[in-house]
Amino acid sequence: MKCHLELQSVSFAYRTGKTFFSHKKKQILSGISLKIFPGETLGILGRNGAGKSTLLRILAGIFLPDSGNIIRNCQKINLLSLELGFSERLNGRQNIILSGLFNGFSKQEMQDKMPAIVAFSELGKAIEEPLLSYSSGMRARLGFSIAYHLQPDILLIDEILGVGDMDFQEKSEKLLKQKINSQQTVVLVTHDAKLVESVCQRAIWLDKGKIYMQGTQAEVSDRYIASKGKSNYHE
């Protein structure tokens with residue numbers, strides 16, 4: 001059975017505080033309906049605060065929506081978000097196991113992948129040190145190496161290109177594009193409309209928690225780029 005993932009009128013709000021009578025809420029997503037087709041690369045564009053990362057966490061099953069339905073006939077969905085599931089006090093190896101468990105993989109599966117992940121990260125002896133001693137570049141290497149070596153039904157990528165040192169950026173971008181151009185089903189969140197246009201087959205423009213536009217990658221990317229600098233582009 002091919003993996004099928006669909007959202008039907010999904011809404012989500014963060015609880016931001018408590019008044020005398022009730023909890024305050026900040027609406028993040030409202031009435032989101034979308035389908036992800038097997039083998040496609042779907043781009044999700046949007047400015048800061050549009051709800052992109054929250055949407056990915058709902059797709060991954062990390063957050064549960066307040067309303068709406070989710071159809072998720074997939075065994076494993078991996079959210080490639082650097083440092084997802086990391087613990088500051090654990091060393092690199094322990095964080096590899098923890099991150100894998102967080103993404104639905106067993107401890108044995110992660111131990112089997114351990115040699116390849118450690119080698120790919122190029123962290124050397126630092127893999128035995130606690131994460132709190134890592135630089136931002138070392139964390140980026142570890143996070144990318146873990147996520148890249150998992151083999152999910154759907155890969156969710158949360159705005160990670162452009163982090164870490166220059167060598168890491170080039171390496172990660174090249175390998176991610178290889179994954180995107182394969183038969184892997186990918187959902188890519190980014191601000192980069194040109195990247196969406198070059199690697200995606202379809203795109204969604206998310207604004208203020210709602211789908212403002214969806215269509216081919218070229219149509220959505222062109223409209224998104226044209227909207228920059230216009231304060232009332234959809235009012």
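Reply: W205 and Y224 are both buried, a term for a relative accessible area under 20%, whereas exposed means over 50% and partly exposed lies in between (1.4 Å probe, protein chains only). The model is predicted, and local features therefore need pLDDT of at least 70, side-chain atom pairs count only at pLDDT 80 or more, and totals for chains, interfaces and linings use all residues. Residues are numbered from 1 along each chain as its sequence is written, and side-chain values use heavy atoms, with hydrogens and water left out.

Eight aromatic pairs occur in the structure; rings of Phe, Tyr and Trp (its six-membered ring) pair if their centres lie within 6.5 Å, and planes under 30 degrees apart are stacked, over 60 edge-to-face and the rest tilted. One of the pairs is F120 with Y148, which is stacked, at 5.6 Å centre to centre and with 10 degrees between the planes. This pair links distant parts of the chain: F120 belongs to helix 3 (residues 107–121) and Y148 to helix 4 (residues 136–149), 28 residues apart. Helices (H or I, at least four residues) and strands (E, at least two) are DSSP runs, numbered from the N terminus. F120 counts as buried because its relative accessibility is 17%, and Y148 is buried with a relative accessible area of 17%.

W205 and Y224 have ring centres 5.4 Å apart and planes at 85 degrees, so this pair is edge-to-face. It also joins distant parts of the chain, with W205 in strand 8 (residues 202–207) and Y224 in helix 7 (residues 217–227), 19 residues apart. Elsewhere, F12, Y14 and F63 form one aromatic cluster.

Helix 3 and helix 4 pack at about 135 degrees, with axes 9 Å apart; axes are lines fitted to C-alpha atoms, for helices over the stretch in contact, and angles run from 0 to 180 degrees between N-to-C directions. The two helices are therefore oblique to each other, since angles under 35 degrees count as roughly parallel, over 145 as roughly antiparallel, 65 to 115 as roughly perpendicular and the rest as oblique. In this contact, where contact means heavy atoms within 4.5 Å, M110, K113, A116, I117, F120 and S121 of helix 3 meet R141, L142, F144, S145, I146, Y148 and H149 of helix 4. By class, these residues are eight nonpolar, three polar and two charged; Ala, Val, Leu, Ile, Met, Phe, Trp, Tyr, Cys and Pro count as nonpolar, Asp, Glu, Lys and Arg as charged, and the others, Gly among them, as polar.

Helix 3 has a further partner: its axis and that of helix 2 (residues 92–102) come within 9 Å and cross at roughly 130 degrees. That makes helix 2 oblique to helix 3. R93, I96, I97, G100 and L101 of helix 2 make this contact with K107, M110, Q111, M114, I117 and V118 of helix 3, and the residues comprise seven nonpolar, two polar and two charged.

Between helix 3 and helix 4, the loop holds E122. E122 counts as exposed because its relative accessibility is 53%, and its phi is near 60 degrees, a positive value in a residue other than glycine. Most residues other than glycine have a negative phi.
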